[in-house]
Amino acid sequence: MDFIEISAKTYDEAVTDALVQLGVTSDQVEIEVIDKGSAGFLGIGSRPVKIKVSKKLTVEGYLKKFLSDIFAAMKIEAEIITKLNEENHSIEVELKGDEMGVLIGKRGQTLDSLQLLANNAVHKNFETYYKVKLDTENYRIRRRETLENLAKNIAYKVKRTKRSVALEPMNPFERRVIHSALQSDRYVVTHSEGEDPFRHVVVSLKR
């Protein structure tokens with residue numbers, strides 16, 4: 001139940017009744033007065049106060065609805081599980097369903113796009129900054145492991161051939177994984193070149 005309409009003799013009574021029924025506190029609701037009511041004359045013609053009380057949309061609730069609308073348009077059924085961390089203002093979103101491969105897309109491009117849309121939507125509608133992280137089927141962890149293995153293989157190739165290697169274009173997260181994986185390597189160095197969306201990492205032999 002997201003909202004209720006309550007009638008009572010006074011405004012305060014109506015609000016109290018609504019809060020009890022919704023199981024929330026006053027800071028968690030928005031109140032709209034439908035009818036201010038009237039005391040009448042000597043009790044004759046009196047009219048109760050009528051209010052509409054709605055639960056305020058939380059950032060998690062908003063995010064779930066936003067993603068649900070997108071998935072409905074894509075005709076994809078997905079369970080949306082959110083975990084809010086108020087300490088670092090982040091929201092981890094796990095998606096579950098039978099068609100998660102479609103949501104991941106090629107090299108995670110669809111998942112990244114959904115994550116970008118979700119972040120923009122939340123930033124636009126809430127004053128507090130929240131970083132939204134979308135994942136499904138542990139894709140982010142698996143992708144990180146794949147990139148770390150790729151970085152080591154490329155580093156080995158650069159050491160063997162003594163020639164620089166330019167990797168395929170990657171998003172900022174993936175480029176950071178490559179840089180991080182090789183930052184302690186004594187023989188190779190990494191840097192990024194180009195402009196998004198074609199920005200890529202170059203692995204070279206240290207001079």
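**Entry 1: Tyr 62**

I began with Tyr 62, which is buried, with a relative accessible area of 18%. The model is a predicted one, and I keep that in mind throughout.

I then looked at Phe 66. At 22% relative accessibility, Phe 66 counts as partly exposed. Tyr 62 and Phe 66 sit 4 residues apart in helix α2 (residues 59-74), so about one helical turn separates them.

**Entry 2: aromatic pairs**

I searched the whole structure for aromatic pairs and found 2. One is Tyr 62 with Phe 66, and this pair is stacked. I noted 6.3 Å centre to centre and 20° between the planes.

I turned back to Tyr 62, which is buried at 18%. Tyr 62 also pairs with Phe 126, edge-to-face, at 5.5 Å centre to centre and 70° between the planes. Phe 126 lies in the loop between α4 (109-125) and β6 (131-136), while Tyr 62 lies in helix α2, so this pair ties together parts that are 64 residues apart in sequence.

Is Phe 126 buried or exposed? I checked: Phe 126 is buried, as is Tyr 62. I logged Tyr 62, Phe 66 and Phe 126 as one aromatic cluster.

**Entry 3: α5 and α6**

Next I took helix α5 (residues 139-161) and helix α6 (residues 172-182). Their axes come within 9 Å and cross at roughly 50°. The two helices are therefore oblique to each other. The crossing of α5 past α6 is right-handed.

Which residues make the contact? From α5 I listed Arg 143, Arg 144, Leu 147, Glu 148, Ala 151, Lys 152 and Ala 155. From α6 I listed Phe 173, Glu 174, Val 177, Ile 178, Ala 181 and Leu 182.

How values were computed
Residues are numbered from 1 along each chain as its sequence is written. This is a predicted model: local features need pLDDT of at least 70, side-chain atom pairs count only at pLDDT 80 or more; totals for chains, interfaces and linings use all residues. Side-chain values use heavy atoms; hydrogens and water are left out. Axes are lines fitted to C-alpha atoms, for helices over the stretch in contact, and angles run from 0 to 180 degrees between N-to-C directions. Angles under 35 degrees count as roughly parallel, over 145 as roughly antiparallel, 65 to 115 as roughly perpendicular and the rest as oblique. A crossing is left-handed if the near helix is turned anticlockwise from the far one by less than a right angle, and right-handed if clockwise. Contact means heavy atoms within 4.5 Å. Rings of Phe, Tyr and Trp (its six-membered ring) pair if their centres lie within 6.5 Å; planes under 30 degrees apart count as stacked, over 60 as edge-to-face and the rest as tilted. Buried means under 20% relative accessible area, exposed over 50%, partly exposed in between (1.4 Å probe, protein chains only).
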